[in-house]
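Have a look at the fold first.

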Amino acid sequence: MRRLLVLILLVAACSAETGSTTTEPPVSPPPETTSTTLETTTTTRPVECAKPPYRVDVLPARVEPTVVDQSGLDPNPYLETAGTSVTFWLDGDGDVAVALIRGTLPLEDWPGDKGEVMIDGARAVAGPFDDGSWVVAWFEDPGERCDLFTMVFYPPVEPSEVQATLASMDRTAG
């Protein structure tokens with residue numbers, strides 16, 4: 001009988017609603033976390049540099065002396081670089097022959113020898129590139145993007161033509 005009573009109590013205990021309360025240690029708040037929400041990234045286009053402030057009186061013989069409008073030109077790495085301002089001169093066939101760039105340029109390593117020249121009192125480097133072009137680059141103020149200048153002479157061009165063009169350059173404005 002005693003076994004039966006224990007069995008009945010066990011069954012009753014198991015089937016009864018458990019209204020018992022369990023005490024657990026208090027839960028401390030989770031440590032602070034930083035959550036990142038979906039952020040919007042905005043890319044701002046650099047300020048457009050003003051036209052290069054140089055007058056060029058002497059150009060290679062095959063180059064037309066008229067500066068051309070950029071809108072009709074084929075894609076060019078200098079036009080695709082945000083913030084640059086470019087002056088182009090064409091040859092008799094309508095191809096870009098000389099470009100004078102003000103502002104940031106596409107990254108490219110200087111491929112070979114270069115010499116130093118002076119342009120309106122600023123030290124510049126000049127030299128041939130592997131594609132036959134000649135490139136001249138100078139800073140007027142190394143801290144300002146719009147004070148970086150580059151002049152590209154597309155082939156065919158002779159070093160003496162590059163030299164004569166650089167010697168003819170006069171600064172016109174800032």
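This is a predicted model: local features need pLDDT of at least 70, side-chain atom pairs count only at pLDDT 80 or more; totals for chains, interfaces and linings use all residues.

Strand E5 (residues 115-119) pairs with strand E6 (residues 122-128) in the antiparallel sense, with five bridges between them. On the other pairing, E6 joins strand E7 (residues 134-139), again antiparallel and over five bridges.

Ala 124 is a handy landmark here: in E6, Ala 124 faces Val 117, and Ala 124 also stands opposite Trp 138 in E7.

| Hairpin | Residues between strands | Residue with positive phi | Phi |
|---|---|---|---|
| E5 and E6 | two residues | Asp 120 | near 50° |
| E6 and E7 | five residues | Gly 132 | about 95° |

Now for Arg 102, which sits in strand E4 (residues 96-102). Is Arg 102 buried or exposed? Arg 102 counts as buried because its relative accessibility is 5%, and the cut-off for buried is under 20%. What does its side chain reach? The side chain of Arg 102 gets to the backbone oxygen of Cys 146, at 2.6 Å.

Zooming out, the protein has two helices and nine strands, in the sequence order α-β-β-β-β-β-β-β-β-α-β. Of its 174 residues, 31% count as buried. Take the contacts between residues at least 6 apart in sequence: 54% of them join residues at least 24 apart. As for the surface, the protein exposes about 12200 Å², with carbon and sulfur atoms supplying 55% of that.

Key. Residues are numbered from 1 along each chain as its sequence is written. Side-chain values use heavy atoms; hydrogens and water are left out. Two strands pair if DSSP finds at least two bridges between them. Helices (H or I, at least four residues) and strands (E, at least two) are DSSP runs, numbered from the N terminus. Buried means under 20% relative accessible area, exposed over 50%, partly exposed in between (1.4 Å probe, protein chains only). A polar contact is a pair of N or O atoms within 3.5 Å; within protein, one must be able to donate a hydrogen and the other to accept it, and residues adjacent in sequence count only if both atoms are side-chain atoms. Contact means heavy atoms within 4.5 Å. Accessible areas come from the Shrake-Rupley method with a 1.4 Å probe; for residues, only the protein chains shown count as cover.
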